[in-house]
Amino acid sequence: MEDLLLIRHSKTSCSPNHIKGQGEYDISDEGRSLINKTTRIIEESDYKFDHIFTSDLNRAKVTAKSISESQDVDLNYSTRLREIDFGDLQDLKDEDLRDFYQKTEDIYNTRYPNGESTKDLDKRVRSYYENNIKPLEGSKLVVTHTTPIYSMIANFYNINKQEVG
């Protein structure tokens, strides 16, 4: 088994009740504190990463940058590690997303209006992992978003993503 750690980006200044998707948001003060704590925990554990990958969205980049600087490891940025594209639902309230889900029978295969489906995200994340992360030797850190992390875990454990949504 390879050494792979998945970390979700830190907290943003965006309202927690809003759909963030692929929007750009600053890290909140609490988020910066959590980044410092996470970096310190990794440093104190004496764990060394050989490779660090991150989404190109600011909230993931800022989180990953702190760790990469403390480890003196270059960052590998990718659009394919971005959060799901919620399309027209971007920046709306969480209840709008719940309304969309209630009207959708097949959440895994249904694209958000002018966005992507969970299946689309799953394909891009899996492809990136298989072609860019998995082939490398050594320990790896991936700093990304909630849905790509779910996707990777589901793929690692052969979980039926249609059942998880």
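**View 1. Arg 111 and its salt bridge.** Arg 111 has a relative accessibility of 53%, so this residue counts as exposed (over 50% relative accessible area is exposed, under 20% is buried and in between is partly exposed, with a 1.4 Å probe and protein chains only). Its partner is Asp 120: the two form a salt bridge whose closest N and O atoms are 2.7 Å apart. Here a salt bridge is a side-chain nitrogen of Lys or Arg within 4 Å of a carboxyl oxygen of Asp or Glu. This is a predicted model, in which local features need pLDDT of at least 70 and side-chain atom pairs count only at pLDDT 80 or more, while totals for chains, interfaces and linings use all residues. Residues are numbered from 1 along each chain as its sequence is written, and side-chain values use heavy atoms, with hydrogens and water left out.

View 2. The structure holds six salt bridges. One of them joins the side chains of Asp 56 and Arg 82, at 2.7 Å from N to O. Asp 56 sits in the loop between strand 2 (51-55) and helix 2 (58-71), and Arg 82 in the loop between strand 3 (75-78) and helix 3 (94-102), so the pair ties together parts 26 residues apart in sequence. Helices (H or I, at least four residues) and strands (E, at least two) are DSSP runs, numbered from the N terminus. Glu 130 and Lys 134 also meet in a salt bridge, at 3.7 Å from N to O. Glu 130 is partly exposed at 32% relative accessibility, and Lys 134 is partly exposed at 44%.

View 3. The 14 residues of helix 2 should span 20 Å at 1.5 Å a residue, and the end C-alpha atoms are 20 Å apart, which agrees; the expected span is 1.5 Å times one less than the number of residues. Buried residues of helix 2 include Ala 60, Ala 64 and Ile 67. Among the elements that cover the buried residues of helix 2 are helix 1 (29-44) and strand 4 (140-144).

**View 4. Tyr 157 in its loop.** Tyr 157 is found in the loop between helix 5 (146-156) and helix 6 (161-164). At 58% relative accessibility, Tyr 157 counts as exposed. The C-alpha atoms of Tyr 157 and Ser 70 are separated by 31 Å, and these residues are 87 apart along the chain.

Terms used. Contact = heavy atoms within 4.5 Å.
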